[in-house]
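Dear colleague,

I am passing on the structure we talked about, and I would be glad if you could look it over alongside the notes that follow.

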Amino acid sequence: MLPKYETLNKVINSGVVSVVRGATKDEAYKTAEACIEGGIKAIEVTFTAPHADEIIAELLEQYRDDSEVVIGAGTVIDPETARIAIIAGAQFIVSASFNKEVAKICNLYTIPYTPGCMTPNDIQSALTYGADLIKLFPGSVVGQGAVSAIHGPFPQANLMITGGVNLENMHEWFEKGATVLGAGSNLTGAAKKGDFASVITQAKKYREELERINANK
């Protein structure tokens, strides 16, 4: 299998991607570590975190022997940032919006690109430029009904839902047809207070819920 699709499969099979932010490099890094320790091993390090490229490179080195861990870059809104992320080793690229030039550079380097989309026009543009996974964002605004509605005209679209995902509604998003979920503050919120133990605990709950959902498919 081509590396690009191996990465995509890792992201999709993870079930949940942890969206990692942080006021400092240390906070973001420890948040990622806590999520991985708790069993959520797909990590999206956002470029709102200081030194995001260094965090990505160091996480890849730390977890190089764990085949389930996959490290990507988030909030990549321009091609310059995409290139920095790719050079750092980012295995996938995520953004809150669709950008043609980011799509091109990801295609050039065969890196999966997951752009944020809200409208049918956004989704059509993203698919046209080779996006294999579409980030439906923000999920809290578009609502769960949007997933099945979008699959009407775009049955081929794989959707990652980010924004509005929590432990209680995970199963509902998957039942509507989501491919994978992006979890932010509901998963990692305790990190803001330096409580990384609580992040580990919450990640374990997400992992348990994923296993329950998968067992009932």
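This is a predicted model: local features need pLDDT of at least 70, side-chain atom pairs count only at pLDDT 80 or more; totals for chains, interfaces and linings use all residues.

K41 forms a salt bridge with D66, with the closest N and O atoms 2.9 Å apart, and the pair links distant parts of the chain, since D66 sits in the loop between α3 and β3 while K41 sits in the loop between α2 and β2, 25 residues apart. D66 itself is partly exposed, at a relative accessible area of 23%.

The structure holds 10 salt bridges, among them one between D26 and K30, whose closest N and O atoms are 3.2 Å apart; these two residues are four apart in helix α2 and therefore separated by about one helical turn. Another joins E211 and R207 at 3.5 Å, N to O, and both of these residues lie in helix α11, again four residues apart.

Helices α2 and α11 also pack against each other, at an angle of about 35° and with their axes 7 Å apart, in a right-handed crossing. The contact involves residues of α2 including K30, A34 and C35, and residues of α11 including F196 and I200; by class, it has six nonpolar, one polar and three charged residues.

Finally, S95, in the loop between β4 and α5, is buried with a relative accessible area of 0%, and its side chain reaches the backbone oxygen of V76 at 3.0 Å.

Notes:
Residues are numbered from 1 along each chain as its sequence is written. Side-chain values use heavy atoms; hydrogens and water are left out. Axes are lines fitted to C-alpha atoms, for helices over the stretch in contact, and angles run from 0 to 180 degrees between N-to-C directions. A crossing is left-handed if the near helix is turned anticlockwise from the far one by less than a right angle, and right-handed if clockwise. Contact means heavy atoms within 4.5 Å. Ala, Val, Leu, Ile, Met, Phe, Trp, Tyr, Cys and Pro count as nonpolar, Asp, Glu, Lys and Arg as charged, and the others, Gly among them, as polar. Buried means under 20% relative accessible area, exposed over 50%, partly exposed in between (1.4 Å probe, protein chains only). A polar contact is a pair of N or O atoms within 3.5 Å; within protein, one must be able to donate a hydrogen and the other to accept it, and residues adjacent in sequence count only if both atoms are side-chain atoms. A salt bridge is a side-chain nitrogen of Lys or Arg within 4 Å of a carboxyl oxygen of Asp or Glu.
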